[in-house]
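Subject: Structure for you to look at

Hello,

Here is the structure I promised to pass on. Please open it beside this email and follow along.

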Amino acid sequence: MHRSCFSLLQMLLPMLLALSGSAVKAATQDQEWAQERANAVLSLMTFTVVPDITASNLDIGSGTNQSAALNMTQIGGGATMSEAVPIYLEGAIGFSRYDPQFVVSNGTESRTLPTKWNSLTASGGIGWDIALHEDPRGGHWVLRPIANVSLGTMASDLRIGNWLLERTKGYSLDFLDGGQLNMYGLGGSLMLDYELFSKTQDIDIEVRYSYQHLQSFGGTSTSVRGHAEAENLGLYLRRRAPLFHWILLDRPVRYVLEGAHTAYLGEQRGLLGFDSLNSIGAGLELDSSKYDIIVTRTRLVARYMFSHNTSGYSIGLAMSF
């Protein structure tokens with residue numbers, strides 16, 4: 001997803017621009033400086049620890065000809081084991097890269113400082129399906145409470161030279177200069193799910209509230225500790241139905257229509273310059289369930305995402321087992 005505005009940079013870069021201040025700072029100011037940066041790092045991680053179709057692939061530009069300021073990618077999935085054992089399991093892996101470029105100066109000389117944050121997160125959840133209602137067509141409603149946990153790490157590949165170090169004495173630069181920050185997250189989700197599977201069509205509707213508290217631990221810098229909250233409310237709709245009489249692998253080829261809306265709450269609200277994201281998609285599904293292979297269905301879906309001052313697109317590949 002590409003954006004032309006500077007919302008993300010306006011919110012996060014002021015935390016970093018203090019590098020060009022005076023050479024001597026009080027200890028309390030130094031601690032606040034490090035704390036703000038740690039919180040900013042974990043705030044970026046909040047968008048990759050919760051399964052989210054709309055944020056599964058974000059590419060946010062800085063509005064200049066420079067490379068994108070923020071890239072996010074998430075791969076994940078979830079499923080109920082069986083009707084007899086209604087245990088729901090989910091997992092996701094996310095990667096983000098925040099790469100702002102700005103200028104620091106001592107009044108007579110200036111340099112461009114590329115600060116690169118690379119984060120990797122892994123999250124999982126275990127839940128239980130509580131059957132609520134089954135309609136005459138065979139569809140059923142399920143209430144699904146889920147316990148979630150996540151782990152992540154962020155590494156800065158910035159190498160600060162002597163020119164900058166000599167002008168920023170007193171700052172906690174051990175984090176930015178090749179530093180590493182680890183994170184764990186604990187929380188939960190509550191999902192209301194409707195599923196209808198038939199020969200003519202499959203319908204899936206999900207409403208989900210998710211919350212996780214992220215806390216830093218360990219890492220290479222003892223001066224950096226942070227925390228953040230991941231909280232959102234999502235709606236997901238999908239319909240699958242046979243495409244005319246097209247048959248492949250002895251099974252009908254299906255078209256897929258889907259829509260999603262994610263509203264960001266709490267600390268996430270407005271962090272990337274918008275309060276919510278919308279997605280609409282269309283694609284095809286190939287059914288290979290007749291054959292003795294692990295993959296039963298493969299879906300290729302093109303999506304268009306949009307929100308306030310924001311628009312973009314993505315292509316997603318999904319598999320059922």
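Which residues form one aromatic cluster? Phe 47, Tyr 264 and Phe 274 do. Find them in the viewer before you read on. Please keep in mind throughout that this is a predicted model.

**The chain as a whole**

The chain has 321 residues, and 46% of them are buried. It holds 3 helices and 15 strands. Now take the contacts between residues at least 6 apart in sequence. Of these, 63% join residues at least 24 apart. The chain exposes about 15700 Å². Carbon and sulfur atoms supply 61% of that area.

**Aromatic pairs**

There are 5 aromatic pairs in the structure. A pair of aromatic rings is described by two things: the distance of the centres and the angle of the planes.

Where do Trp 141 and Tyr 194 sit in the chain? Trp 141 is in strand 8 and Tyr 194 is in strand 9, which covers residues 180–197.

Trp 141 is at 31%, so it counts as partly exposed.

**A nonpolar patch**

Trp 141 turns up again on the surface, in a nonpolar patch. Strand 8, where Trp 141 lies, spans residues 140–156. Other members of the patch include Trp 128, Ile 130, Leu 132, Leu 192, Val 207 and Tyr 209. Tyr 211, Leu 233, Leu 235 and Leu 237 are also among them. Together, the patch residues have about 910 Å² of accessible area. Which elements give two or more residues to the patch? They are strand 7 (130–134), strand 10 (202–217) and strand 11 (227–248).

**A buried glutamate**

Next, go to Glu 258. Its place is in strand 12, residues 251–264. Glu 258 has 8% relative accessibility, so it counts as buried. What does its side chain meet there? Another, of 2.2 Å, joins it to the side chain of Arg 303. Leave aside its neighbours within four places in sequence, and Glu 258 is in contact with residues including Ile 53, Leu 237, Arg 238, Ser 279 and Val 301. Leu 237 also belongs to the nonpolar patch.

Most residues other than glycine have a negative phi. Phe 244 has a positive phi, near 55°. Leu 249 has a positive phi too, of about 55°, and is not a glycine.

Where are they? Phe 244 lies in strand 11. Leu 249 is in the loop between strand 11 and strand 12. Phe 244 is at 73% relative accessibility, so it counts as exposed. Leu 249 is at 36%, so it counts as partly exposed.

Best wishes

Notes
Residues are numbered from 1 along each chain as its sequence is written. This is a predicted model: local features need pLDDT of at least 70, side-chain atom pairs count only at pLDDT 80 or more; totals for chains, interfaces and linings use all residues. Side-chain values use heavy atoms; hydrogens and water are left out. Patches are made of residues with over 30% relative accessible area and no salt bridge: like charges are joined within 9 Å, nonpolar side chains (Val, Leu, Ile, Met, Phe, Trp, Tyr) within 5 Å. Accessible areas come from the Shrake-Rupley method with a 1.4 Å probe; for residues, only the protein chains shown count as cover. A salt bridge is a side-chain nitrogen of Lys or Arg within 4 Å of a carboxyl oxygen of Asp or Glu. Helices (H or I, at least four residues) and strands (E, at least two) are DSSP runs, numbered from the N terminus. Buried means under 20% relative accessible area, exposed over 50%, partly exposed in between (1.4 Å probe, protein chains only). Contact means heavy atoms within 4.5 Å. A polar contact is a pair of N or O atoms within 3.5 Å; within protein, one must be able to donate a hydrogen and the other to accept it, and residues adjacent in sequence count only if both atoms are side-chain atoms. Rings of Phe, Tyr and Trp (its six-membered ring) pair if their centres lie within 6.5 Å; planes under 30 degrees apart count as stacked, over 60 as edge-to-face and the rest as tilted.
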